[in-house]
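Trainee: I would like to go through some of the labels attached to this model and ask what each one rests on.
Mentor: Go ahead.

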Amino acid sequence: MNELEQARKEIECIDEEMARLYEQRMDAVRHVISYKMENNLPIFDSKREGTLIERNRKFIQNKEYEPYYVDFLKNVMANSKDFQRSLQAHDVVAYCGIKGAFAHTVCEKLFPSNPLMSLSSFEDVFEAVVQKKAQYGVIPFENTNSGVVGEVLDNLNSYPVYIQETYNLKVEQCLLGLPGATLKDIEWVYSKDQALSQAKAFLQALDVQTVAYPNTAMAAQFVSNQQDIHIAAIGAKENASLYGLKVLASHIEENNQNATKFMVIGLDKPTKGNRFSISLVIEHTSGSLAQIIDLIGKHKLNMECIQSRPIKGRPFEYFFYIEIDGNLNDDNVKDCLNEIDKVCESLKILGNYRLKED
């Protein structure tokens with residue numbers, strides 16, 4: 001055994017011991033986060049970290065190693081905080097809106113026993129998952145009448161998350177007003193822009209002004225708080241009882257097959273399912289998209305959906321979202337994606353999942 005081999009063997013033995021000590025350390029970290037969660041304490045404690053660094057750096061006898069050891073400690077503590085966040089977020093499901101929102105309804109259907117986290121925007125839901133404040137996020141992706149939620153598609157493309165599963169929720173839109181109001185009293189209607197679009201014909205016939213609101217349930221809450229018989233909200237009929245309103249009209253959506261596809265997002269890359277999604281950026285040249293579609297057909301895959309969205313900072317250029325029947329572990333899927341990757345600027349796997357329905 002030469003000198004290099006001997007040094008490497010020594011490193012391997014040390015690494016083996018460090019792995020054992022690492023597991024012991026993380027077992028202790030479990031107790032730390034358990035106590036913090038029980039006592040509502042923050043994960044990050046700058047004073048504690050500073051004290052640990054100053055204490056532990058004194059154990060290094062060779063001062064040449066000290067700055068590297070301090071950097072090592074910082075990485076270990078960052079790793080510990082990341083693990084604590086994952087434990088704190090375990091089973092937590094984030095959604096946009098408040099109680100009564102359609103996303104809240106989906107959360108209760110898919111995660112009936114999980115703690116829920118109410119947030120004010122779609123991007124907040126993505127942030128909560130990425131920052132490990134929540135294990136999953138539930139977001140509306142597409143409606144049969146009003147189409148894809150562009151903001152959600154943008155976030156799905158830019159955040160490092162994966163689609164875990166999808167759920168089709170049948171949506172009945174209702175006009176909700178104060179108990180003493182009638183249809184003739186209504187002058188203003190508040191709701192999420194997609195809900196206003198779904199009830200466009202009804203609203204035109206009613207001859208009212210509309211105001212886009214962040215969420216259908218929040219719109220119902222706003223109408224309840226205003227106590228004005230001249231304003232109403234569009235939302236689920238359940239919001240009437242939740243916020244002390246009454247249903248002035250039901251089934252006001254234009255399409256009686258109205259449904260919204262919701263997506264569950266998470267950090268784990270799933271490999272089970274019969275449908276997968278990708279996003280890609282292709283060369284801004286003639287025939288580039290046709291080449292991608294030809295490759296999908298060549299490998300005998302069925303393309304269920306294709307959507308385009310503008311690329312921010314690149315005027316009149318687009319990325320494409322594609323849903324395809326199949327499983328990422330299938331040989332023809334692997335071959336297809338390998339060939340697509342060679343002819344496009346970028347390719348991102350967004351998830352492998354099964355579609356659940358109401």
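Mentor: Start with His251, which sits in the loop joining strand S10 (246-249) to strand S11 (259-266). Keep in mind throughout that this is a predicted model.

Trainee: Why does His251 count as exposed?
Mentor: Its relative accessibility is 53%. The cut-off for exposed is over 50%, so His251 counts as exposed.

Trainee: What makes the backbone of His251 worth a remark?
Mentor: His251 has a positive phi, about 50 degrees, although it is not a glycine. Most residues other than glycine have a negative phi.

Trainee: Where does Gln227 lie, and what is its phi?
Mentor: Gln227 is in the loop between helix H9 (216-226) and strand S9 (231-235). Its phi is positive, about 50 degrees, and Gln227 is not a glycine. At 57% relative accessibility, against a cut-off of over 50%, Gln227 counts as exposed.

Trainee: Why are helices H11 and H12 called roughly antiparallel?
Mentor: H11 (residues 288-298) and H12 (residues 331-343) pack at an angle of about 165 degrees, and their axes are 9 Å apart. Angles over 145 degrees count as roughly antiparallel, and H11 and H12 are therefore given that label. Their crossing is right-handed.

Trainee: Which residues make the contact between H11 and H12?
Mentor: H11 contributes Gln291, Ile292, Leu295, Ile296 and Lys298, which meet Cys336, Glu339, Ile340 and Val343 of H12. Sorted by class, this contact has six nonpolar residues, one polar and two charged.

Trainee: Which side chains of H1 and H3 meet?
Mentor: From H1 the list includes Met18, Tyr22, Val29, Val32 and Ile33, and from H3 it includes Phe72, Val76, Phe83, Gln84 and Leu87. By class, the H1 contact with H3 has 12 nonpolar, four polar and three charged residues.

Trainee: Is Gln84 buried or exposed, and how do you know?
Mentor: Gln84 is part of helix H3 (residues 66-89). Its relative accessibility is 4%, the cut-off for buried is under 20%, and so Gln84 counts as buried. Leaving out residues up to four places away in sequence, Gln84 touches Val29, Val32, Ile33, Lys36 and Ile43.

Trainee: What is the class of Pro115, buried, exposed or partly exposed?
Mentor: Pro115 has a relative accessible area of 42%. Buried means under 20% and exposed means over 50%, so Pro115 is partly exposed. Pro115 lies in the loop between H4 and S2. Setting aside neighbours within four places in sequence, Pro115 contacts Asp91, Val92 and Val93.

Trainee: How many aromatic pairs are there in the whole structure?
Mentor: A search of the whole structure finds seven. One of them is Phe111 with Tyr136, at 5.4 Å centre to centre and 25 degrees between the planes. Planes under 30 degrees apart count as stacked, and this pair of Phe111 and Tyr136 is stacked. Phe111 lies in the loop between helix H4 (102-110) and strand S2 (116-119), and Tyr136 in strand S3 (residues 136-143), so the pair links parts of the chain 25 residues apart. With a relative accessible area of 10%, under the 20% cut-off, Phe111 is buried.

Trainee: What makes the pair of Tyr190 and Tyr213 edge-to-face?
Mentor: The planes of Tyr190 and Tyr213 are 80 degrees apart, with 6.0 Å centre to centre. Tyr190 is in strand S7 (residues 188-191) and Tyr213 in the loop between strand S8 (209-212) and H9, so the pair ties together parts 23 residues apart in sequence.

Trainee: Why are Tyr190 and Tyr213 put in their accessibility classes?
Mentor: Tyr190, at 15% relative accessibility, counts as buried. Tyr213 has 23% and is partly exposed. The cut-off for buried is under 20%. Ring pairs also link Tyr190 and Tyr213 with Phe222 into a cluster.

Technical notes:
Residues are numbered from 1 along each chain as its sequence is written. This is a predicted model: local features need pLDDT of at least 70, side-chain atom pairs count only at pLDDT 80 or more; totals for chains, interfaces and linings use all residues. Side-chain values use heavy atoms; hydrogens and water are left out. Axes are lines fitted to C-alpha atoms, for helices over the stretch in contact, and angles run from 0 to 180 degrees between N-to-C directions. Helices (H or I, at least four residues) and strands (E, at least two) are DSSP runs, numbered from the N terminus. Angles under 35 degrees count as roughly parallel, over 145 as roughly antiparallel, 65 to 115 as roughly perpendicular and the rest as oblique. A crossing is left-handed if the near helix is turned anticlockwise from the far one by less than a right angle, and right-handed if clockwise. Contact means heavy atoms within 4.5 Å. Ala, Val, Leu, Ile, Met, Phe, Trp, Tyr, Cys and Pro count as nonpolar, Asp, Glu, Lys and Arg as charged, and the others, Gly among them, as polar. Buried means under 20% relative accessible area, exposed over 50%, partly exposed in between (1.4 Å probe, protein chains only). Rings of Phe, Tyr and Trp (its six-membered ring) pair if their centres lie within 6.5 Å; planes under 30 degrees apart count as stacked, over 60 as edge-to-face and the rest as tilted.
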